[in-house]
Amino acid sequence: MTTIDHDGSPLVKRLGTDAESILGEVYSYTVLQDPPEGFAAQAPYYLALIRLDDGTLITAQLTDVASELQIGDPVEMVTRKLTADGARGVIVYGYKFRPLVK
Amino acid sequence: MKPVAIVGVGMTPVREHWTLSIGELGEAAGRAALADAGLAAVDALYVGNAYGATYNQQTQLGSLITGRIGLAGIESFGCEAGDASGGVALRAGYLAVAAGAAQTALVVGVEKATDLVGLARNTARGVSLDHDYETVNGATLTAMAALLMRRYMVEHCVELAQFEGFSVNAHRNGSRNPNAMYRNLLRSGAFGKAPMIAEPVSLFDSAPDADGAAALVLAPADEAVDLVPRPVLLAGSAVATDSLMLQERADPLRFAAVSRSTSQALDQAGLTPGDLDMAEVHDGYTIMTALALEAMGFSERGAGWRWAQADGEQLSLEGELPISTFGGLKSRGNPSGATGVYQAAEATLQLRDAAGDNQVANAASAVVQNLGGLASTAVTHVLRAMPE
């Protein structure tokens with residue numbers, strides 16, 4: 001996977017920027033219908049707790065979910081738009097997870 | 001430390017109070033509690049409030065409310081721990097009186113949620129989650145509760161409908177409480193058909209945001225008997241914390257802070273869970289009730305949901321363990337920073353034998369539990385009736 005272009009973010013500090021691919025499995029998930037500001041355009045969206053392969057638990061959105069999801073499904077981290085900030089709509093990028101093709 | 005008693009309670013109805021400000025709500029409850037105690041003044045006032053800064057653009061509620069009540073000059077400040085703000089304000093009042101720093105203290109919990117609606121309120125309420133790891137990804141408190149609930153259902157093989165009794169019981173009790181926001185009864189079977197907010201958490205699973213204020217007057221127990229006919233002893237008081245984020249907990253399905261604060265407060269009171277006549281638990285979501293009952297020692301891990309079976313009859317006013325006796329967060333409503341003070345005020349009425357249609361027969365001891373976030377802050381107070 002490409003380097004996370006989010007230098008200084010807490011996740012980069014924790015995981016390092018040289019990770020090839022960050023894999024994990026779904027610990028739990030929900031479909032959020034009632035979002036906060038900045039997320040209305042995406043709603044409804046998946047929010048999940050992911051158990052990474054190193055044991056770390058992490059909160060993130062799921063993206064590219066094509067079929068029914070199950071707890072335990074394998075996922076990988078990807079870089080995606082999280083929201084847009086301020087009057088000029090500056091895009092905020094971050095990490096999400098997508099199901100691995102089984 | 002001196003023993004401390006509750007000598008006055010005051011509550012506004014929990015509603016959408018479109019015409020009242022946060023200051024007016026706090027004043028109304030504070031004045032009502034002072035009148036109940038027969039006092040004109042106190043030495044200190046502690047205010048529980050969660051979201052004044054983001055709902056109302058208002059801080060310094062200590063100064064605001066002392067001024068409105070006519071007590072300008074006394075020690076006063078706000079206490080914040082998310083939805084446990086009311087509980088920690090009670091803790092502050094308890095410590096002040098127990099230490100002798102204040103002879104009498106007024107504790108006011110207040111929240112005015114309806115200054116915001118919709119997405120803006122969701123954002124404003126989100127400040128009690130972790131910003132950098134949770135809300136930045138679009139999380140809400142309801143969504144985080146939903147993550148716990150789905151994991152619990154899969155790990156323990158529990159169906160959605162098996163949580164229904166928690167909500168049915170709350171509304172059964174709330175229907176008798178004039179101060180409750182939603183006094184409707186929940187029909188058996190309606191829970192599973194309610195609109196989803198964040199699967200599997202639905203509208204009938206989640207406590208409503210609301211406006212309201214509640215207040216308590218505290219005094220040394222040995223003087224309380226001369227002040228009022230039925231003082232109630234604050235026999236135990238404890239606050240414990242867990243990681244703010246679920247993701248940092250070794251086992252997210254264990255509310256460690258609840259276990260810790262419950263056992264500390266019960267130890268102080270010299271009681272065990274089996275000695276308690278009732279419990280006000282923080283039933284913001286049914287999954288929180290199940291996990292809280294487990295952490296408090298009323299169930300094994302993974303078995304808390306069993307209390308909700310048969311429409312929660314074992315949790316009813318006549319049941320083995322009455323909870324949410326005035327409707328709980330679900331039916332009375334959840335005015336966040338006021339909730340912990342409502343719970344303690346309601347338990348006080350129970351132990352005074354003054355709970356009217358909501359009375360638990362012969363209630364002599366109660367545990368009151370108020371949680372911030374998903375039990376990131378856990379406040380537990382044990383109340384006991386004092387001999388006449």
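Modeller: One term to begin with: a residue is buried if 20 or more other C-beta atoms lie within 10 Å of its own. Keep in mind that this is a predicted model.

Biologist: Good. How many residues of helix H10 of chain B are buried?

Modeller: 11 of its 11 residues, so by that cut-off helix H10 (residues 286-296) of chain B is mostly covered. The buried residues include Thr286(B), Met288(B), Glu294(B) and Met296(B).

Biologist: What covers the buried residues of H10(B)?

Modeller: The cover includes H6, helix H7 (164-174) and helix H9 (256-269) of chain B. Strand S10 (365-372) of chain B is also part of the cover.

Biologist: And which residue follows H10(B)?

Modeller: Gly297(B). Its phi is positive, near 100°.

Biologist: Now H5. Which residues of helix H5 of chain B are buried?

Modeller: In H5 (residues 118-125) of chain B, they are Arg121(B), Asn122(B), Ala124(B) and Arg125(B).

Biologist: Why are they on the same side of H5(B)?

Modeller: They cover an arc of only 165° around the axis, and that puts them on the same side of H5(B). There is a general rule behind such patterns. An α-helix has 3.6 residues a turn, so residues three or four places apart point the same way.

Biologist: What do the buried residues of H5(B) pack against?

Modeller: Two helices of chain B: H2 (52-55) and H6 (141-156).

Biologist: Switching to the two chains. How many residues of chain B are in contact with chain A?

Modeller: 27 residues of chain B, in contact with 25 residues of chain A. H5, H6 and strand S5 (196-198) of chain B each give two or more residues to the side that touches chain A.

Biologist: Which element gives the most to that side of chain B?

Modeller: H6(B), with seven residues. By class, the side of chain B that touches chain A has 13 nonpolar, nine polar and five charged residues.

Biologist: What about domains in chain B?

Modeller: There are domain 1 (4-117 + 210-227) and domain 2 (125-207 + 238-380). Taken over C-alpha atoms, their centres are 23 Å apart. The contact takes 34 residues from domain 1 of chain B and 30 residues from domain 2 of chain B.

Biologist: Which elements give two or more residues to the domain 1 side?

Modeller: Strand S1 (4-11), helix H4 (85-99), strand S4 (105-111) and strand S7 (212-220) of chain B. H4(B) supplies the largest share, seven residues. That side divides into 20 nonpolar, nine polar and five charged residues.

Biologist: What is the phi of Asp64(A)?

Modeller: Positive, about 55°, although Asp64(A) is not a glycine. Asp64(A) lies in the loop between strand S3 (57-62) and strand S4 (74-85) of chain A.

Biologist: Is Asp64(A) buried or exposed?

Modeller: Exposed, with 12 other C-beta atoms within 10 Å.

Biologist: And where is Asp311(B) found?

Modeller: In helix H11 (residues 309-312) of chain B. Asp311(B) has a positive phi of about 55° and is not a glycine. Asp311(B) is partly exposed, with 17 other C-beta atoms within 10 Å.

Conventions:
Residues are numbered from 1 along each chain as its sequence is written. Chains are lettered from A and ligands numbered from 1 in the order in which they are written. This is a predicted model: local features need pLDDT of at least 70, side-chain atom pairs count only at pLDDT 80 or more; totals for chains, interfaces and linings use all residues. Helices (H or I, at least four residues) and strands (E, at least two) are DSSP runs, numbered from the N terminus. The arc is that of the directions from the helix axis to the C-beta atoms. Two residues are in contact if their C-beta atoms, placed from the backbone, lie within 7 Å. Ala, Val, Leu, Ile, Met, Phe, Trp, Tyr, Cys and Pro count as nonpolar, Asp, Glu, Lys and Arg as charged, and the others, Gly among them, as polar. Domain bounds come from an automatic or database domain assignment.
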